[in-house]
Amino acid sequence: MINKGVLAVVSGFSGAGKGTLMKALLERYDNYALSISATTRSPRPGEADGREYFFVSRERFEEMIKAGQLIEYARYVENYYGTPREYVINQMDAGKDVILEIEIQGALKIKSQFPQALLLFVMPPSAAELRERLTSRGTETAEVIKNRLKRALEEAEGIENYDYILINDKVEDCVRQMHQIIQDHHSRTCNRLEFIENMRTELHQISKR
Ligand code: 5GP
């Protein structure tokens with residue numbers, strides 16, 4: 001297939017605004033499919049099964065691992081999170097650009113299985129701004145905020161493995177830039193291997209006539 005979709009992984013610190021960016025990207029542009037992960041954590045107020053996540057028991061999650069139904073999975077703060085295989089492969093085959101919003105361990109596993117995947121990391125303009133955003137949500141205790149900032153410091157360790165850093169200062173600008181990067185990725189040689197192979201085969205046949 002020539003127009004296979006791009007596989008894009010989006011990671012970022014908690015509080016960097018990934019959720020808002022994803023929502024805006026899907027609202028604004030047509031060609032995206034957001035993968036819904038399975039998790040063993042409990043739903044937060046307002047979250048629905050099958051919309052934010054597939055909320056499953058630990059037993060069910062372990063069955064999914066054994067059956068090879070997850071492309072990757074990771075443990076994050078005492079819970080399992082994983083990406084269902086079937087949806088991602090089907091959507092890419094249908095030409096959709098698939099977005100995985102996952103943390104860094106998962107992102108690296110994706111890159112080793114799908115070297116053509118595009119890894120994007122969303123950051124706030126500064127550490128002070130990150131603290132400000134976490135504080136102004138008003139929903140987290142000082143202790144939770146401190147832990148999130150510590151976690152950000154740990155996650156900052158592997159950022160060099162990502163292809164692009166997106167600074168989320170203004171959502172509009174950041175979404176436009178994200179869309180542009182993903183669309184440009186379609187033309188990368190690594191995403192055109194089948195096209196190149198087909199071209200070679202055709203040239204071979206034509207040159208024999
Ligand atoms: P939360 O519990 O706040 O929804 O998510 C916690 C972290 O897990 C976030 O960094 C989120 O991106 C990540 N995450 C969500 N789904 C997956 C997944 O399928 N695989 C991995 N590796 N991480 C995930």
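**Ligand site and cores**

I start with Glu 103, where a polar side-chain atom is 2.6 Å away from a nitrogen atom of the ligand. Bear in mind that this is a predicted model. Two further residues reach ligand oxygen atoms. For Tyr 53, the distance from a polar side-chain atom to a ligand oxygen is 2.6 Å, and for Ser 37 the corresponding value is 2.7 Å. How much of the ligand does the protein bury? On its own, the ligand exposes 520 Å², and 89% of that is buried by the protein.

In total, the ligand is surrounded by 15 residues. Ser 37, Tyr 53 and Glu 103 are among the closest, and so are Arg 41 and Tyr 81.

Now the cores. The largest nonpolar core has 42 residues. Which of them touch the most other members? They are Leu 7, Ile 99, Leu 100, Ile 110, Leu 120, Met 178 and Ile 182.

Take Leu 120 from that list. Beyond its neighbours within four places in sequence, Leu 120 contacts Val 9, Val 10 and Ser 11, then Tyr 162, Tyr 164 and Leu 166, and finally Met 178, Ile 181 and Ile 182. There is also a second, separate core of six residues, including Val 56, Phe 61, Met 64 and Leu 70.

Conventions
Residues are numbered from 1 along each chain as its sequence is written. This is a predicted model: local features need pLDDT of at least 70, side-chain atom pairs count only at pLDDT 80 or more; totals for chains, interfaces and linings use all residues. Side-chain values use heavy atoms; hydrogens and water are left out. A nonpolar core is a set of buried Ala, Val, Leu, Ile, Met, Phe, Trp, Tyr and Cys residues joined through side-chain atoms within 4.5 Å. Buried means under 20% relative accessible area, exposed over 50%, partly exposed in between (1.4 Å probe, protein chains only). Contact means heavy atoms within 4.5 Å. A residue is near a molecule or strand if one of its heavy atoms lies within 4 Å of it. A polar contact is a pair of N or O atoms within 3.5 Å; within protein, one must be able to donate a hydrogen and the other to accept it, and residues adjacent in sequence count only if both atoms are side-chain atoms. Accessible areas come from the Shrake-Rupley method with a 1.4 Å probe; for residues, only the protein chains shown count as cover.
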